[in-house]
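The sequence and the structure are shown below.

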Amino acid sequence: MNLRPLHDRVVVKRLEEERTTPGGIVIPDTAAEKPIRGEVVAVGSGKRLDNGEVRSLDVNVGDKVLFGKFSGTEVKVGEEDVLVMREDDVMAVIEG
């Protein structure tokens, strides 16, 4: 990827949600919601604190994360749609 986020920003690629319910009903694209799970594909250098120091980010490349539905800015890089958001917009890291 030719995109390097600055400071406390991360680049996240959305992960596709399941298109069928547990009962076997297929959800059409028009009724499906935007996924709120994604994979971090790039991270910035860190957040600059008031005293001038740089605090490294808590998320790393490859982490699976949860974020808000309307978080970040959608950007098209080549053929791929990604989100650029602040680390503060990431709600949780999915472990395991």
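Predicted model: local features only at pLDDT ≥ 70, side-chain atom pairs only at ≥ 80, totals over all residues.

Val65 faces Val93, a residue of strand β8, across the sheet. Strands β5 and β8 are joined by four bridges and run in the antiparallel sense. Strand β2 covers residues 37-43 and β5 covers residues 64-67, and the two pair in the antiparallel sense over three bridges. A further bridge partner in β5 is Lys64, which pairs with Glu39.

Val65 and Phe67 belong to the covered face, whereas Lys64 and Leu66 belong to the uncovered one. Among the elements of the protein, β5 also has the highest mean pLDDT, 92, while the lowest, 84, is that of β3.

**The sheet as a whole**

How many helices and strands does the protein have? There are zero helices and eight strands, so that the order of elements from the N terminus on reads β-β-β-β-β-β-β-β. Six of the strands build an open sheet with antiparallel pairing, in the order β6-β7-β1-β2-β5-β8. Strands β6 (73-77) and β8 (90-94) stand at the edges of this sheet; each has a single partner strand, so one side of each is left without a neighbour in the sheet. On average, and with direction ignored, neighbouring strands are turned by 45 degrees against each other. In general, strands of a sheet pair through backbone hydrogen bonds, in either a parallel or an antiparallel manner.

Ala42 is found in strand β2. Is Ala42 buried or exposed? Its relative accessibility is 11%, and because the limit for a buried residue is under 20%, Ala42 counts as buried. Leaving aside neighbours within four places in sequence, Ala42 is in contact with Leu3, Pro5, Val10, Val11 and Val61. The C-alpha atom of Ala42 is separated by 9.6 Å from that of Val59, a residue 17 places away along the chain.

**Salt bridges**

A search of the whole structure finds seven salt bridges. As a general principle, side chains of opposite charge can pair when their charged atoms come close.

| Glu74 | Arg14 | 3.5 Å |

The salt bridge of Glu74 with Arg14 has its closest N and O atoms 3.5 Å apart. This pair links distant parts of the chain, for Glu74 lies in strand β6 and Arg14 in strand β1 (residues 9-14), 60 residues apart. Glu74 is partly exposed, at 47% relative accessibility, whereas Arg14 is buried, with a relative accessible area of 18%.

With a relative accessible area of 54%, Asp88 is exposed, and Lys47, at 29% relative accessibility, is partly exposed.

Asp81 counts as partly exposed at 48% relative accessibility, while Lys76 counts as exposed at 55%.

**The protein overall**

What share of the 96 residues in the protein is buried? Buried residues make up 26% of them. The accessible surface comes to about 6700 Å², and carbon and sulfur atoms account for 50% of this area. Among contacts between residues at least 6 apart in sequence, 60% join residues at least 24 apart.

The protein averages a pLDDT of 83, and 83% of the residues score at least 70.

Technical notes
Residues numbered from 1 in each chain as written. Heavy atoms only, no water. Buried < 20%, exposed > 50% of the residue type's maximum accessible area, 1.4 Å probe, protein only. Contact = heavy atoms within 4.5 Å. Areas by Shrake-Rupley, 256 points an atom, 1.4 Å probe, with all protein chains shown as cover. Pairing = 2+ DSSP bridges. Axes fitted to C-alpha atoms, helices over the stretch in contact; angles between N-to-C directions. Salt bridge = Lys/Arg side-chain N within 4 Å of Asp/Glu carboxyl O. pLDDT = per-residue confidence, 0-100.
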